[in-house]
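This briefing concerns a single protein chain. Please consult the sequence and the model shown here alongside the notes that follow.

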Amino acid sequence: MKAAEILVHVDHTFLKQTATWNDIQRICDEAVKYHTATVMVPSSFVPRIVAKYGNKLKVATVVGFPNGNCNTAAKIAETAQALADGAEEIDMVINIGMLKAGETSYVTDEIRALKKLCGQRVLKVIVETCFLTEEEMIEACRCVTEGGADFIKTSTGFGTAGAKLSDIELFKKHIGPHVQMKAAGGIHTREEMEAFLAAGCTRLGASAAVKVLKDEL
């Protein structure tokens, strides 16, 4: 697979707590130059990116990040503001505790509420697989499917572990036909990127992808 073919699937990500506008401009410049799918940034930077770069790139941001256990109203407000500011894709974190407690209707309803807000814009749902049992991951697949989300996503990158191929294989068996898969967290090499794409992911969350692949372009 050519480097450019990988990068069109990459959300070029910078979500560190210490992120500055200089950091964000750098990844935006790289995203434009190397044609990544989006830039994935903290929501506070979305208006500035839209003002500076316009339609040169797609902006994605996170909601309920990274813990997912704020209330639904807060996630709705956060999503509404991000969309108003010009974000085209939203990556939300589920309420992991609610899922683990078996309160799956809460999780599904929250996903559905955010997807209703997003409309035609993309909603990805981070289920944070490192904290889930296999049974809980299967339940998460059902919640994401029934909630109408566009993607199920493995990880925030802030948990105890990132994406695993075994998680993607499990997702593939249990998500609905209209749900795509995003692997994120701990993806550092070309081989890992290719493996996740080959397994069926259509999007990758990676901060290292451009650094790893740009010399091939």
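Leaving out neighbours within four places in sequence, Ile111 is in contact with Met92, Ile94, Leu123, Val125, Cys143, Val144, Gly147 and Ala149, where contact means heavy atoms within 4.5 Å. The model is predicted: local features need pLDDT of at least 70 and side-chain atom pairs count only at pLDDT 80 or more, whereas totals for chains, interfaces and linings use all residues. Residues are numbered from 1 along each chain as its sequence is written, and side-chain values use heavy atoms, with hydrogens and water left out.

**Nonpolar core**

- Ile111 is, with Ile49 and Leu204, among the residues with the most contacts inside the largest nonpolar core, which has 63 residues.
- Helix α2 (residues 21-34) supplies the largest share of this core, six residues.
- A nonpolar core is a set of buried Ala, Val, Leu, Ile, Met, Phe, Trp, Tyr and Cys residues joined through side-chain atoms within 4.5 Å.
- Buried means under 20% relative accessible area, exposed over 50%, and partly exposed in between (1.4 Å probe, protein chains only).
- Helices (H or I, at least four residues) and strands (E, at least two) are DSSP runs, numbered from the N terminus.

**Packing of α2 with α3**

- α2 and helix α3 (residues 46-53) pack at an angle of about 45°, with their axes 11 Å apart.
- Axes are lines fitted to C-alpha atoms, for helices over the stretch in contact, and angles run from 0 to 180 degrees between N-to-C directions.
- α2 and α3 are therefore oblique to each other; angles under 35 degrees count as roughly parallel, over 145 as roughly antiparallel, 65 to 115 as roughly perpendicular and the rest as oblique.
- The crossing of α2 past α3 is right-handed; a crossing is left-handed if the near helix is turned anticlockwise from the far one by less than a right angle, and right-handed if clockwise.
- Trp21, Ile24, Gln25, Cys28, Asp29 and Val32 of α2 form the contact with Arg48, Ile49, Lys52 and Tyr53 of α3.
- The residues of this contact comprise six nonpolar, one polar and three charged; Ala, Val, Leu, Ile, Met, Phe, Trp, Tyr, Cys and Pro count as nonpolar, Asp, Glu, Lys and Arg as charged, and the others, Gly among them, as polar.

**Packing of α4 with α6**

- α4 and helix α6 (residues 104-118) pack at an angle of about 20°, their axes being 10 Å apart.
- This angle makes α4 roughly parallel to α6.
- α4 passes α6 with right-handed geometry.
- On the α4 side, Thr72, Lys75, Ile76, Thr79, Ala80 and Leu83 meet Tyr106, Glu110, Ala113, Leu114, Leu117 and Cys118 of α6.
- By class, eight nonpolar, two polar and two charged residues make up the contact of α4 with α6.

**Packing of α7 with α8**

- Helix α7 (residues 134-147) packs with helix α8 (residues 165-174) at an angle of about 50°, the axes lying 9 Å apart.
- α7 is thus oblique to α8.
- α7 and α8 cross in a right-handed sense.
- Glu134, Met137, Ile138, Cys141 and Thr145 of α7 make the contact with Asp167, Leu170, Phe171 and His174 of α8.
- This contact of α7 with α8 has five nonpolar, two polar and two charged residues.

**Backbone features**

- Most residues other than glycine have a negative phi, and most peptide bonds are trans.
- Phe65 and Pro66 are joined by a cis peptide bond, with omega of about -5°.
- Pro66 lies in the loop between β3 (59-63) and α4 (72-85).
- His35, although not a glycine, has a positive phi of about 60°.
- The loop between α2 and β2 (38-41) holds His35, which counts as exposed because its relative accessibility is 56%.
- Glu128 is likewise not a glycine and has a positive phi of about 55°.

- Glu128 is found in the loop between β5 (122-126) and α7 and counts as buried because its relative accessibility is 2%.
- Not counting residues up to four places away in sequence, Glu128 touches Pro66, Ile96, Lys153, Thr154, Ser155, Thr156 and Gly159.
- Glu128 and Lys153 are 25 residues apart along the chain, and their C-alpha atoms are separated by 7.8 Å.
- Thr160 is placed in the loop between β6 (151-153) and α8 and is exposed, with a relative accessible area of 64%.
- Cys130 and Phe131 are touched by Thr160, not counting residues up to four places away in sequence.
- Thr160 and Glu136 are 24 residues apart in sequence and 17 Å apart in space, C-alpha to C-alpha.
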